[in-house]
Amino acid sequence: MKQKIKLADLKEGMYVILPSSWLSHDFLKSSFKINSVKLLNQVRAQKLEHVIVDYEKSDAAALLLTETPAIDELAYISHNDTVTDPKYESPPEEWSSSDVVPEELIEAIEDKHLTAEKKAKAVYLHSISMMKDLLESPTTTNIQASKKAISSITDLILSDDKTADSLLRITSHDFYTYTHSVNVGVTSLMLSKALFKGSDAHDLHELGAGFFLHDLGKINVNPDILNKPGRLTEAEMRHIRIHPYQGYKMMEKANALTEECRLIIMQHHEYIDGTGYPRKLKGEDIHIYGKICGIADVFDALTAERSYKKAMTTFDALTLMKEKMFNHFDKDLFSSFVCLF
Ligand SMILES: [Fe+2]
């Protein structure tokens, strides 16, 4: 049974269904269980008049704590309320392109009354959700469908300066591979737009695909090693260093590998002083696409929060990159990157 209740009556353990689309709340999904006090407070902080609780999916203990009767039954929910978004409930094994670029998102992007900030939020949350699902189920069809979705996101970044600018500013500092993929995708595309826009020599849609999917191979890396705080052993580093090649093979198998994607995926950890991996390439042996992604990759790693370190501010991260890592990066590209912020 589902019932509408006041925010004040929410309890930890309840399975909540937010009454609006994700344009009007801060969560990636419209329905989820409240599994911590922190999350309970985050839901209560939303500007919502009510939420819906699914009693069958809630913990029994949470329902025993409920003293206030629900406002009314689900049948009275307004037609304007989006009860849930089925695509988030259980992602399909194989996606179609309409699964990855839903009508709702296209409408939001085309809505002239929506502010650039709201559009950016819609695109960002959708991109995160798409990358999360893709990394959980990276089948050939899903990789190809995601490339189509990234192509739409690229169109938006290229055509709408205000929304693109807002996108750059709302990137999350959580360090998950899917958040990192979107952040690096957005910042690399913004730098490419600044450098190449108007030039027929560069296919920004293929670049976008490469940037968003640069870390696809990380799904083959042991998460304990990926999330290990502190210094990695040489054996652990060897294990991590295979992810560019793994990503390249996955894209090749999915028939989604273009030259742009290959260069980005294989070279995003190469540094111009030859200290990168997997091939220790130097200087001009690294393609400009690999160099762009490499700068965005390091920047996002520094500005992300980890269990063992706080997120650096944009200013501190750029200062550290300039003072301590300058030999890693192409000077002109780094200067252009700084100008984005
Ligand atoms: Fe990587």
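This is a predicted model: local features need pLDDT of at least 70, side-chain atom pairs count only at pLDDT 80 or more; totals for chains, interfaces and linings use all residues.
The start of H10 carries a contact between side chain and backbone. There, a side-chain oxygen of Asp203 comes to within 3.0 Å of the backbone nitrogen of His205.

## Iron site

Four protein donors surround the iron ion at 2.1 to 2.2 Å: Asp215 through OD, and His243, His268 and His269 each through NE2. The angles subtended by the four donor atoms run from 85 to 176°, and the arrangement is therefore irregular. Tetrahedral geometry would require all angles to lie between 85 and 135 degrees.

Along the sequence, the donor residues follow the spacing D-x27-H-x24-H-H. His243 belongs to helix H13 (residues 243-253), whereas His268 sits in the loop between H14 and H15, so the pair ties together parts that are 25 residues apart in sequence. Both of these histidines, His243 and His268, are buried.

## Asn183 in helix H9

Helix H9 contains Asn183. This residue has a relative accessible area of 2% and is therefore buried. The side chain of Asn183 forms a polar contact of 2.9 Å with the side chain of Asp300. When neighbours within four places in sequence are set aside, the contacts of Asn183 are Tyr124, Thr171, Ser172 and Asp300.

## Loops and backbone geometry

The loop between H14 and H15 contains Pro278, and the peptide bond leading from Tyr277 to Pro278 is cis, with omega near 5°. Lys280 lies in the loop between H14 and H15 and has a positive phi of about 50° although it is not a glycine. With a relative accessible area of 57%, Lys280 is exposed.

A positive phi is also found at Asn255, where the value is near 60° in a residue other than glycine. Asn255 is located in the loop between H13 and H14 and is exposed, its relative accessible area being 70%. In the loop between H15 and helix H16 (314-324) lies Thr313, which is partly exposed at a relative accessible area of 45%. The C-alpha atoms of Thr313 and Thr303 are 6.1 Å apart in space, while the two residues are ten apart in sequence.

## Cysteines

The count of disulfides comes to zero. Cys261 is buried at 0% relative accessibility, whereas Cys339 is exposed, with a relative accessible area of 65%.

## Overall architecture

The protein comprises 17 helices and five strands. Of its 341 residues, 51% count as buried. Among contacts with a separation of 6 or more, 69% are between residues 24 or more positions apart.

Conventions. Residues are numbered from 1 along each chain as its sequence is written. Side-chain values use heavy atoms; hydrogens and water are left out. A polar contact is a pair of N or O atoms within 3.5 Å; within protein, one must be able to donate a hydrogen and the other to accept it, and residues adjacent in sequence count only if both atoms are side-chain atoms. Helices (H or I, at least four residues) and strands (E, at least two) are DSSP runs, numbered from the N terminus. Buried means under 20% relative accessible area, exposed over 50%, partly exposed in between (1.4 Å probe, protein chains only). Contact means heavy atoms within 4.5 Å. Donors are N, O and S atoms within 2.8 Å of the metal (3.2 Å for Na, K and Ca); water is not among the atoms, so sites may look incomplete. Four donors count as tetrahedral if all angles lie between 85 and 135 degrees; four count as square planar and six as octahedral if opposite donors are over 155 degrees apart and all others between 65 and 115; anything else is irregular. A disulfide is a pair of cysteine sulfur atoms within 2.5 Å.
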